[in-house]
Amino acid sequence: MKKRAPFVITVITAALVVGCKVGPNYHRPDIQTPAAYRELGEKSQVQAQAASYADLPWWHVFQDPQLQELIRTALKLNYDLQIATERINAARAQVAVTRSNLFPQVQGNGNFSGGKEGTFQTTSNFFTLSADAAFQLDFFGKLRRATEAARAQLLATEDAQQTVILTLVSDVASDYFALLQLDLQLQITHETVSTQEDSVKLTKLRVDHGVATKLDVLQAQQVLDTANAQIPDLERLIAQEEDAISILLGNYPQGVPRGLSLVAQTLPPAVPPGLPSSLLERRPDIREAEQTLIAANAEIGVAKAQFFPQISLTGSGGGSFGRSSAFSSLMSSQIGTWSYGAQVSQPIFTGGALRGNLRLAKSQYQQALISYRQAIQRAFGDVSDALIGYEKLHQVRLRQEDTVADLQESVRLSNMRYKGGTTTYLEVLDGQRSLFSAELTLAQARGNEYQSLVQLYRALGGGWQQ
């Protein structure tokens with residue numbers, strides 16, 4: 001028992017001082033963020049609200065059942081998201097590997113030997129069992145800092161997955177609204193073609209009765225040809241948009257089912273961005289950048305700990321069991337063995353490797369700090385751009401609706417005057433051409449407004465959780 005006392009004392013002493021960790025403890029950097037988002041006229045008043053549009057779950061933002069189904073499919077089958085999930089599994093395994101160094105490493109060994117010595121005519125058969133244990137004392141926190149870094153990298157990987165989700169679902173929603181926009185433009189074009197075909201027939205009939213000219217027919221046919229020429233391009237764009245959505249859903253290119261039309265989609269009455277300070281917690285790319293910063297900070301502790309002694313405890317025990325003719329009457333033999341020891345390793349001269357490693361860790365921390373600040377700056381830029389874009393595109397759509405309404409009334413009156421013989425057919429055709437162009441522009445304005453809404457929700461770090 002007395003022989004084991006030094007060993008026990010060493011272990012107890014190690015336990016008392018093992019709490020020491022060299023290197024800086026992490027503290028979130030002081031970052032001066034704007035007190036409010038960029039002024040947006042009268043709408044800037046909503047910026048003081050604590051509630052944010054991004055607090056709504058995505059299924060409350062996008063109420064089209066078919067779009068919701070597409071989003072759920074993408075969350076299950078998209079390959080980018082599957083890769084991001086596997087990276088989390090890999091990071092979690094890496095934490096387990098790194099953390100295992102904090103515990104004793106025990107290894108069992110077995111050996112069987114036997115034979116005969118010709119000189120002494122002795123025979124033997126022995127089976128040996130032993131167990132070896134090694135435990136590196138983490139006096140200066142090297143292993144704990146490494147584990148801290150691995151855990152931070154795991155959290156960064158999880159936040160990276162959230163960024164993939166954010167990007168994936170916003171892409172699905174944006175492409176879906178672009179598809180509905182093209183559908184609406186194609187519908188308008190087909191309706192225009194149908195109307196112009198009737199107009200050409202009517203004009204030809206009026207020529208036969210002497211109340212119109214062949215020039216009127218030619219002009220009506222030109223409007224019809226213009227509309228017909230746009231159909232193939234719209235059909236091509238629709239097919240390409242369907243292919244893009246199919247890839248996001250993890251499918252081969254194929255058709256995409258529609259739900260509500262673009263005109264039937266709902267728009268929120270207000271889109272308050274919330275407090276600017278909350279953006280740091282909602283945006284997954286900012287959280288990822290901070291976790292990378294935490295890991296880099298911990299790596300400085302790992303590099304500093306390399307300057308200090310590395311102390312390891314070792315121990316082994318076991319026994320040999322067998323028979324040997326060296327013992328009278330081939331008696332059984334049992335031999336027990338055990339040992340323990342300690343090893344201290346102190347770097348003396350490394351050619352500047354340790355100092356270089358420390359400088360490297362500090363430089364990587366500074367890079368991570370710059371990336372963290374840059375992520376915050378970009379996030380505020382994204383929100384500002386999205387707020388401005390949504391407000392302006394909303395106004396564009398409202399103005400274009402008024403333009404279309406005015407042109408519809410103008411075309412109606414022109415037709416009445418033409419039928420009454422008080423104007424030429426050229427006025428009617430000019431009005432129809434202008435109305436067709438304005439309706440296509442309105443469809444595009446609607447699509448742009450919905451896509452800007454998606455970008456705003458994404459910029460604010462909207463909750464894309466399933």
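Contact here means heavy atoms within 4.5 Å. This is a predicted model, in which local features need pLDDT of at least 70 and side-chain atom pairs count only at pLDDT 80 or more, while totals for chains, interfaces and linings use all residues. Residues are numbered from 1 along each chain as its sequence is written, and side-chain values use heavy atoms, with hydrogens and water left out. The protein has 10 helices and four strands. Of its 466 residues, 39% count as buried (under 20% relative accessible area; exposed is over 50%, partly exposed in between; 1.4 Å probe, protein chains only).

**Confidence**

- The average pLDDT of the protein is 87, and 89% of the residues score at least 70; pLDDT is the predictor's confidence in each residue, from 0 to 100.
- Residues 1-5 have pLDDT below 50, and this stretch makes three contacts in the model beyond near neighbours in sequence.
- Residues 11-18 also have pLDDT below 50, with seven contacts in the model beyond near neighbours in sequence.
- Where pLDDT is low, the predicted coordinates should not be read in detail.

**Overall layout**

- From the N terminus on, the order of elements is α-α-α-α-β-β-α-α-α-α-β-β-α-α.
- Helices (H or I, at least four residues) and strands (E, at least two) are DSSP runs, numbered from the N terminus.
- Take the contacts between residues at least 6 apart in sequence: 82% of them join residues at least 24 apart.

**Helix H5**

- Helix H5 covers residues 142-208, which makes 67 residues.
- From first C-alpha to last, H5 reaches 98 Å, close to the 99 Å expected at 1.5 Å a residue; the expected span is 1.5 Å times one less than the number of residues.
- Gly 210 follows H5 and has a positive phi, near 80 degrees.
- Gln 181 sits in H5. Its relative accessibility is 9%, so Gln 181 counts as buried.
- Leaving aside neighbours within four places in sequence, the contacts of Gln 181 are Leu 262, Ala 443, Gln 444, Gly 447, Asn 448 and Gln 451.
- Gln 162 is also in H5. This residue counts as buried because its relative accessibility is 19%.
- Between Gln 162 and Thr 85 there are 9.8 Å in space, C-alpha to C-alpha, and the two are 77 residues apart in sequence.

- Helix H3 (residues 65-77) has 13 residues and should span 18 Å at 1.5 Å a residue; its end C-alpha atoms are 18 Å apart, so the two values agree.
- The buried residues in H3 are Leu 67, Gln 68, Leu 70, Ile 71, Thr 73, Ala 74 and Leu 75.
- An α-helix has 3.6 residues a turn, so residues three or four places apart point the same way.
- The cover over the buried residues of H3 includes helix H2 (58-61), helix H4 (79-99), H5 and helix H6 (214-248).
- For the 35 residues of H6, the span should be 51 Å at 1.5 Å a residue; the end C-alpha atoms are 52 Å apart, which agrees.
- After H6 comes Gly 250, with a positive phi near 80 degrees.

**Leu 354 in helix H9**

- Leu 354 belongs to helix H9 (residues 353-419).
- Its relative accessible area is 17%, so Leu 354 is buried.
- Leu 354 contacts Gln 306, Phe 307 and Pro 347, leaving aside neighbours within four places in sequence.
- Ala 303 lies 7.3 Å from Leu 354, C-alpha to C-alpha, at a sequence separation of 51 residues.

**Cavities**

- Searching the whole structure gives two cavities of 30 Å³ or more.
- On a 1 Å grid over the protein atoms alone, a cavity is a set of points where a 1.4 Å probe fits but cannot get out; lining residues have an atom within 4 Å of a point.
- Grid points are joined across faces, edges and corners, and a volume is the space filled by probe spheres set on the points.
- The largest cavity holds about 60 Å³ of space.
- Its lining residues include Gln 136, Asp 138, Phe 140, Lys 142, Ala 305 and Pro 309.
- Strand E2 (122-137), H5 and strand E3 (310-324) each give two or more residues to the lining of the largest cavity.
- The second largest cavity has a volume of about 30 Å³.
- Val 61, Phe 62, Gln 63, Phe 177, Gln 265, Thr 266 and Tyr 450 form the lining of the second largest cavity.

How values were computed: 1 Å grid on protein atoms, 1.4 Å probe; cavity = no way out; pocket = protein on both sides within 12 Å on 5 of 7 lines; lining within 4 Å.
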